[in-house]
Amino acid sequence: TKEADKAMVAYTEAAGKQMAEGEGKLSTSRIRNIFSEIKRIQVSIYEKNKSSFYLLQPKVAYAVGRERNSARGNLMKIEGILLFQDIFKKAAEQVTDTKSYQNFCNFMEALVAYHKAFGGDK
């Protein structure tokens, strides 16, 4: 929930890389819907759309469930989405007002950007 700094950039770079590589890499389409909703809430003002923000958590859980079903129990194949879920949950818990939501948006944007930069596919 703090302003962007070197530590945040380094963290999102490492996490984005981890989500984009390996057997359990995360597809861009899985996080694009979540990220689009994050940006929609940002544009339409967080304070007026808190309920939409709270509903992002179930959307992330749904994405994890879809990946889990398609992986047929092989947790190695869903490492990326599980990491995204963990990061999302911890970051979302810190959002308390418009300013912390803006910082959350910046953090998530950096995470998605690094994921794509390291080869996050469709």
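Predicted model: local features only at pLDDT ≥ 70, side-chain atom pairs only at ≥ 80, totals over all residues.
**Exercise 1. Check the length of helix 2, then see which of its residues are buried and what they pack against.**

Take the length to begin with. Helix 2 has 16 residues, and at 1.5 Å a residue they should span 22 Å. The C-alpha atoms at its ends are 22 Å apart, so the model agrees with the expectation.

Then look for the buried positions: Thr28, Ile31, Ile34, Phe35, Glu37, Ile38, Ile41 and Gln42. What do they pack against? Follow them to their partners and you land on helix 3, helix 4 (56–71), helix 5 (79–92) and helix 6 (98–117).

**Exercise 2. Decide whether glutamate 67 is buried or exposed, and list its contacts.**

Locate the residue: glutamate 67 belongs to helix 4. Its relative accessible area is 14%, which means that it is buried, as the cut-off is under 20%. For the contacts, skip the neighbours within four places in sequence; that leaves Arg30, Lys77, Ile78 and Ile81.

**Exercise 3. Step back and describe the whole protein.**

Count the elements: there are six helices and zero strands. From the N terminus on, that reads α-α-α-α-α-α.

How does the radius of gyration fit a compact globule? For 122 residues you'd expect a value near 14 Å; the protein has 14 Å, so the two agree. Along the principal axes, the C-alpha atoms fill a box of roughly 40 × 30 × 20 Å.

Of the 122 residues, 40% count as buried. The accessible surface is about 7000 Å², with 54% of it belonging to carbon and sulfur atoms.

Turn to contacts between residues at least 6 apart in sequence: 75% of these join residues at least 24 apart.

Finish with charge: the protein carries 20 positive and 14 negative side chains, and the centres of those two sets lie 5 Å apart.

Notes:
Residues numbered from 1 in each chain as written. Heavy atoms only, no water. Helix = DSSP H or I, 4+ residues; strand = E, 2+ residues; numbered from the N terminus. Rg over C-alpha atoms; globule rule 2.2 N^0.38 Å. Buried < 20%, exposed > 50% of the residue type's maximum accessible area, 1.4 Å probe, protein only. Contact = heavy atoms within 4.5 Å. Areas by Shrake-Rupley, 256 points an atom, 1.4 Å probe, with all protein chains shown as cover. Lys, Arg positive; Asp, Glu negative; His and termini not counted. Charge placed at Lys NZ, Arg CZ, Asp CG, Glu CD. Expected span 1.5 Å × (residues − 1).
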